[in-house]
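Here is a short report for a first look. Keep the sequence and the 3D view side by side as you read.

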Amino acid sequence: MTKAAFLPLFLFALSATAQEDFSKYKSRNRILVFSTTSLQNESFKEQWELFKSSSKKLDDRNIILFALSKGRIYDKELKVITSYLIAPLRKNYNIAVNFEGITLIGKDGGVKFKKNYTVEPRTIFEVIDQMPMRQREMRQNIDD
């Protein structure tokens with residue numbers, strides 16, 4: 001095989017490893033995406049720390065945190081994740097490049113809440129706790 005024949009195969013393999021959205025978390029987790037134009041933005045930093053300090057409530061509701069900034073996505077430790085394609089992710093969840101706020105993605109993959117900073121964690125928890133799936137989860141936890 002020639003080098004030219006390997007290029008399409010290589011590009012296909014490369015794109016197959018990249019995620020376009022949060023599908024690997026679907027049905028098991030709710031996702032909070034913190035969007036900012038800069039990780040140094042004070043509003044972002046305050047929001048991020050406020051939510052991270054509510055780890056028990058996040059865990060109880062199966063919430064995973066991600067930050068989206070300058071064409072990159074970051075995990076809860078603010079380390080870059082290289083396996084995501086940012087443009088399709090922004091398109092799938094309707095997150096504009098200049099959006100400064102929080103997007104809640106439900107276990108079904110749909111956007112459940114979206115608001116500019118500042119958002120109290122209590123607000124997100126209340127939105128989630130009113131969801132039918134969360135109501136079932138809470139009933140099952142009582143029965144355990």
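## Around Glu137

In this predicted model, Glu137 contacts Arg30, Asn62 and Lys107, leaving aside its neighbours within four places in sequence. Glu137 belongs to helix H6, which covers residues 132-143. Is Glu137 buried or exposed? Its relative accessible area is 13%. Buried means under 20%, so Glu137 is buried.

## The sheet

Six strands make an open sheet with mixed pairing. Their order is E4-E3-E2-E1-E5-E6. Strand E4 (80-81) and strand E6 (111-116) are the edges, and each pairs on one side only.

Strand E1 (residues 30-36) and strand E2 (residues 63-69) run parallel, joined by seven bridges. Here Ser35 stands opposite Leu68 in E2. Strand E5 (residues 101-105) and E6 run antiparallel, with five bridges between them. In that pairing, Thr103 faces Lys114 in E6. The hairpin of E5 and E6 has five residues between its strands. Gly109 in this hairpin has a positive phi near 90°.

The largest nonpolar core has 20 residues. Which of them touch the most other members? They are Leu32, Phe34, Phe51, Leu65, Ile102 and Ile124. At least two core residues come from each of E1, helix H2 (42-52), E2, E5 and helix H5 (121-129). A second core is separate and has 14 residues, including Val33, Ile86, Tyr93 and Phe99.

Residues up to four places away in sequence aside, Ile102 touches Leu32, Val33, Phe34, Gln47, Phe51, Phe113, Lys114, Lys115, Tyr117, Val119 and Ile124.

## Aromatic rings

The whole structure holds four aromatic pairs. One of them joins Phe34 and Phe51 edge-to-face, at 5.3 Å centre to centre and 75° between the planes. Phe34 lies in strand E1 and Phe51 in helix H2, so this pair ties together parts that are 17 residues apart in sequence. Phe34 is buried at 0% relative accessible area. Phe51 is also buried, with 0% relative accessibility.

The ring centres of Phe44 and Trp48 are 5.6 Å apart. Their planes meet at 35°, so the pair is tilted. Both residues lie in helix H2, four residues apart, or about one turn of the helix. Phe44 and Trp48 are both buried. Together, Phe34, Phe44, Trp48 and Phe51 form one aromatic cluster.

## A charge over a ring

Where does the charged end of Lys114 sit? It sits over the ring of Phe99, 5.1 Å from the ring's centre.

How values were computed: Residues are numbered from 1 along each chain as its sequence is written. This is a predicted model: local features need pLDDT of at least 70, side-chain atom pairs count only at pLDDT 80 or more; totals for chains, interfaces and linings use all residues. Side-chain values use heavy atoms; hydrogens and water are left out. Buried means under 20% relative accessible area, exposed over 50%, partly exposed in between (1.4 Å probe, protein chains only). Contact means heavy atoms within 4.5 Å. Two strands pair if DSSP finds at least two bridges between them. A nonpolar core is a set of buried Ala, Val, Leu, Ile, Met, Phe, Trp, Tyr and Cys residues joined through side-chain atoms within 4.5 Å. Rings of Phe, Tyr and Trp (its six-membered ring) pair if their centres lie within 6.5 Å; planes under 30 degrees apart count as stacked, over 60 as edge-to-face and the rest as tilted. A charge sits over a ring if NZ of Lys or CZ of Arg is within 6 Å of the ring centre and within 35 degrees of the ring normal.
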